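Keep the viewer open as you read.

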Amino acid sequence: MAKRILVVEDNDLNRKLFCDVLKANGYEVVPVSDGNNFLATAKKSDPQLVIMDIQLPNVSGVDLIAELKADKSMESVPVLAVTAYAGKGDEERIRDAGAEDYLAKPVSIGPFMAAVRKLLSD
């Protein structure tokens with residue numbers, strides 16, 4: 001059975017790229033374009049991994065990660081954060097919210113898939 005990955009990304013091209021690459025590697029994908037209904041979608045789709053853009057309109061991906069980790073039924077779902085913000089302290093702040101891994105944009109396919117496989121193999 002294919003592992004299900006929730007992809008939270010507001011940029012249409014990035015979301016399509018992530019989803020296409022994941023599907024080509026045998027994963028089932030649930031795309032989410034904004035964070036407003038993130039937790040409800042996560043609970044309904046029961047993902048094995050969440051890929052979270054940090055810069056979303058109206059809500060911070062960091063806040064969504066913290067919200068996911070605060071929910072007892074979802075706290076064990078690993079999160080791969082992706083962000084164009086790669087400033088000093090950003091990675092630490094994102095990991096402190098609960099993200100298990102972090103990639104700076106632009107994301108290369110090789111490291112992206114390596115991070116996905118690592119998080120799903122635990």
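## A salt bridge to start with

Which residue forms a salt bridge with Lys43? The partner is Asp71, and the closest N and O atoms of the two are 2.7 Å apart. A salt bridge here is a side-chain nitrogen of Lys or Arg within 4 Å of a carboxyl oxygen of Asp or Glu. This pair links distant parts of the chain: Lys43 sits in helix H2 (residues 38-45), Asp71 in the loop between helix H3 (61-70) and strand E6 (79-83), and 28 residues separate them. Helices (H or I, at least four residues) and strands (E, at least two) are DSSP runs, numbered from the N terminus.

Lys43 is partly exposed, at a relative accessible area of 43%, while Asp71 is buried, at 14%. For those labels, buried means under 20% relative accessible area, exposed means over 50%, and partly exposed is in between (1.4 Å probe, protein chains only).

## What you are looking at

This is a predicted model, so local features need pLDDT of at least 70 and side-chain atom pairs count only at pLDDT 80 or more, while totals for chains, interfaces and linings use all residues. Residues are numbered from 1 along each chain as its sequence is written, and side-chain values use heavy atoms, with hydrogens and water left out.

As for confidence, pLDDT is the predictor's own score for each residue, from 0 to 100. The chain has a mean pLDDT of 94, with 99% of its residues at 70 or more. Confidence is lowest in strand E4 (residues 55-56), with a mean of 92, and highest in E1, at 98.

## Around Asp71

Back to the loop between H3 and E6, where Asp71 has its place. Its side chain also makes a polar contact of 2.5 Å with the side chain of Ser73. A polar contact is a pair of N or O atoms within 3.5 Å; within protein, one must be able to donate a hydrogen and the other to accept it, and residues adjacent in sequence count only if both atoms are side-chain atoms. Not counting residues up to four places away in sequence, Asp71 touches Leu39 and Lys43, where contact means heavy atoms within 4.5 Å.

Ser73 is found in that loop too, between H3 and E6, but Ser73 is exposed, with a relative accessible area of 52%. Ser73 and Asp46 are 27 residues apart in sequence, and their C-alpha atoms are 9.5 Å apart in space.

How many salt bridges does a search of the whole structure find? The count is twelve. One of them joins Glu75 and Lys72, with the closest N and O atoms 3.6 Å apart. Glu75 is partly exposed at 35%, and Lys72 is exposed at 66%.

Another brings together the side chains of Lys118 and Asp101 (3.7 Å, N to O). Lys118 lies in helix H5 (residues 109-121) and Asp101 in strand E7 (residues 101-104), so this bridge ties together parts that are 17 residues apart in sequence. Lys118 is partly exposed at 47%, whereas Asp101 is buried at 12%. Through shared partners, salt bridges join Glu91, Arg95, Asp101 and Lys118 into one network.

## A stacked pair of rings

The structure holds one aromatic pair. The rings of Phe18 and Phe112 have centres 4.9 Å apart and planes at 15°, so they count as stacked. The rule is that rings of Phe, Tyr and Trp (its six-membered ring) pair if their centres lie within 6.5 Å; planes under 30 degrees apart are stacked, over 60 edge-to-face, and the rest tilted.

Phe18 belongs to helix H1 (residues 12-24) and Phe112 to helix H5, 94 residues apart, and the pair links these distant parts of the chain.

## The nonpolar cores

A nonpolar core is a set of buried Ala, Val, Leu, Ile, Met, Phe, Trp, Tyr and Cys residues joined through side-chain atoms within 4.5 Å. The largest one has 23 residues, of which Phe38, Val50, Met52, Ile65 and Leu68 touch the most other members. H3 gives the largest share, four residues.

Leaving aside neighbours within four places in sequence, Val50 is in contact with residues including Leu6, Phe38, Leu68 and Val79. Apart from this core lies another, of 20 residues, among them Val21, Tyr27, Val82 and Leu120.
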